[in-house]
Amino acid sequence: MPAATYHIPSNTNFIANTGPKGVIADARSYDTARKRSFRQTLRAYSNGELSPPLFGKSKKNAIRFNREKSASPESSSSTDEDDDFMRTWRANRLDELATMSQDIRTRRSSPSMRKYGTLVTVDPIGYLDAVEKVHADTTVIVLIYDDESTSSQLVEDALHSLARKHATVRFIKLHYLDAEMDEIAVPGILAYKGGDCFANLVSVMNEVPAGRGMNSSALELLLQQYT
């Protein structure tokens, strides 16, 4: 069986410069920068900013020119220029990587607020993830529900409306059996922020002021008392 041949597309760029892919990316980056430097030098010649080298009109003169150039003290100037260019390129590359690393750390320490907008059914593991694996400033509202309870359905309908209105608040619902709560305490609402529970409304229907029905406005006013 013939050996497999792998080709890396010429237009592929790798941001994380570690491992073989990173070496290839840095090599291409260096080559691009080197060509850019050459084009800048060529442009300087065209604009008269530099004097072009004086080559002989014949092959013999050209050979003599090259011999004289290699014998002169200036023969190492090309190597010196390459060394200078390599040092400059390396320094710029290190600065670029340092900036990139700082940007990554900033994004990790200050993640953007996610938008939700719905009431999602979760199991016990989903409940823990929703409470713990969110931005520290995100409020999480948990409905403990009973799918056979009319009161529970009223609270759920109100939370659906609030979820659409407050898209940066995470709304979830967990069945009371999964929550290991007594049926008499349902529907209940738990509110979390930064992993801490700041509101525990057992039998939330009893928390609504007398004479007011359960709707999104009444529930919103009730929750605002704890924020």
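His175 lies in strand E3, which spans residues 170-175; strands (E, at least two residues) and helices (H or I, at least four) are DSSP runs numbered from the N terminus. With a relative accessibility of 15%, His175 counts as buried, a word that here means under 20% relative accessible area, with exposed over 50% and partly exposed in between (1.4 Å probe, protein chains only). Residues up to four places away in sequence aside, His175 touches Tyr145, Asp146 and Asp147, where contact means heavy atoms within 4.5 Å.

This is a predicted model, in which local features need pLDDT of at least 70 and side-chain atom pairs count only at pLDDT 80 or more, while totals for chains, interfaces and linings use all residues. Residues are numbered from 1 along each chain as its sequence is written, and side-chain values use heavy atoms, with hydrogens and water left out.

**The sheet**

- Five strands form an open sheet in the order E1-E3-E2-E4-E5, with mixed pairing; two strands pair if DSSP finds at least two bridges between them.
- Strand E1 (119-121) and E5 stand at the edges with a single partner strand each, so one side of each is left without a neighbour in the sheet.
- E2 and E4 run antiparallel and are joined by six bridges, and Thr139 stands opposite Lys193 in E4.
- Helix H4, residues 124-132, lies across E2, E3 and E4 and runs at about 155 degrees to E3; axes are lines fitted to C-alpha atoms, for helices over the stretch in contact, and angles run from 0 to 180 degrees between N-to-C directions.

**Helices H5 and H6**

- The axes of H5 and H6 come within 8 Å and cross at roughly 75 degrees, and the two helices are therefore roughly perpendicular to each other, a label for angles of 65 to 115 degrees, where under 35 is roughly parallel, over 145 roughly antiparallel and the rest oblique.
- Residues making this contact include Val155, Leu159 and Lys165 of H5 and Ser216, Leu219 and Glu220 of H6.
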